[in-house]
Amino acid sequence: MLRAQINSGQIVTGTPQQRTVAVGRHLLTLGYGGIWQHENFDYDKGYVPEGGQRVMQRSYESAHNDEDGGRALDFGLQANGEAKLDQLAEYLNKNKKRFGIRSVLWRVKGHYDHLHVEFN
């Protein structure tokens with residue numbers, strides 16, 4: 001199992017789903033909250049190891065719930081504020097390669113009230 005804390009410079013390994021959980025848990029330790037749209041994260045409670053959290057079903061392919069599922073997280077604006085999500089977007093974009101991130105969506109169409117991060 002991957003550790004919750006990611007060391008500086010560490011390349012995160014494992015499946016996309018394992019990396020998604022590891023990075024999400026890491027970001028909780030850094031003070032980010034309001035993580036949801038993943039079976040192991042509750043907006044208010046944080047990380048839920050037993051899973052079972054609600055993920056909105058979409059009519060289109062989504063890394064939240066496609067056949068590979070569990071490869072994306074959303075971070076709510078209300079729980080973090082604009083400045084923190086700006087900082088988070090910068091941090092995630094800077095660490096795309098070592099975390100295995102496909103995309104970070106923030107302040108673009110459909111992503112003004114939350115930041116979306118998707119793993120490959």
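Is Asp113 buried, partly exposed or exposed? Asp113 is partly exposed, at 49% relative accessible area; buried means under 20%, exposed over 50% and partly exposed in between, with a 1.4 Å probe and protein chains only. The model is predicted, so local features need pLDDT of at least 70 and side-chain atom pairs pLDDT 80 or more, while totals for chains, interfaces and linings use all residues. Residues are numbered from 1 along each chain as its sequence is written, and side-chain values use heavy atoms, without hydrogens and water.

**View 1. Asp113 in the loop between E5 and E6.** Beyond its neighbours within four places in sequence, Asp113 touches Gly76 and Leu77; contact means heavy atoms within 4.5 Å. Val23 is 90 residues from Asp113 in sequence. Their C-alpha atoms lie 21 Å apart.

**View 2. Arg107, in the loop between strand E5 (101-105) and strand E6 (114-119).** Strands (E, at least two residues) and helices (H or I, at least four) are DSSP runs, numbered from the N terminus. Phi of Arg107 is positive, near 65 degrees. Most residues other than glycine have a negative phi. Arg107 counts as partly exposed, at 38% relative accessibility.

**View 3. Gln37, in the loop between strand E1 (35-36) and strand E2 (41-42).** Gln37 is not a glycine, yet its phi is positive, about 70 degrees. With 5% relative accessibility, Gln37 counts as buried.

**View 4. Helix H1 and the residue after it.** H1 has 14 residues and should span 20 Å at 1.5 Å a residue; the expected span is 1.5 Å times one less than the number of residues. The end C-alpha atoms of H1 are 20 Å apart, in agreement. Buried residues of H1 include Arg19, Thr20, Val21 and Gly24. Gly31 follows H1 and has a positive phi, near 100 degrees.

**View 5. The crossing of helix H1 (residues 16-29) and helix H3 (residues 82-94).** The two axes come within 13 Å and cross at roughly 135 degrees. Axes are lines fitted to C-alpha atoms, for helices over the stretch in contact, and angles run from 0 to 180 degrees between N-to-C directions. H1 and H3 are therefore oblique to each other; under 35 degrees is roughly parallel, over 145 roughly antiparallel, 65 to 115 roughly perpendicular and the rest oblique. On the H1 side, Val23, His26 and Leu27 make the contact. H3 contributes Leu88, Tyr91 and Leu92. Val23, His26 and Leu27 are also among the buried residues of H1.
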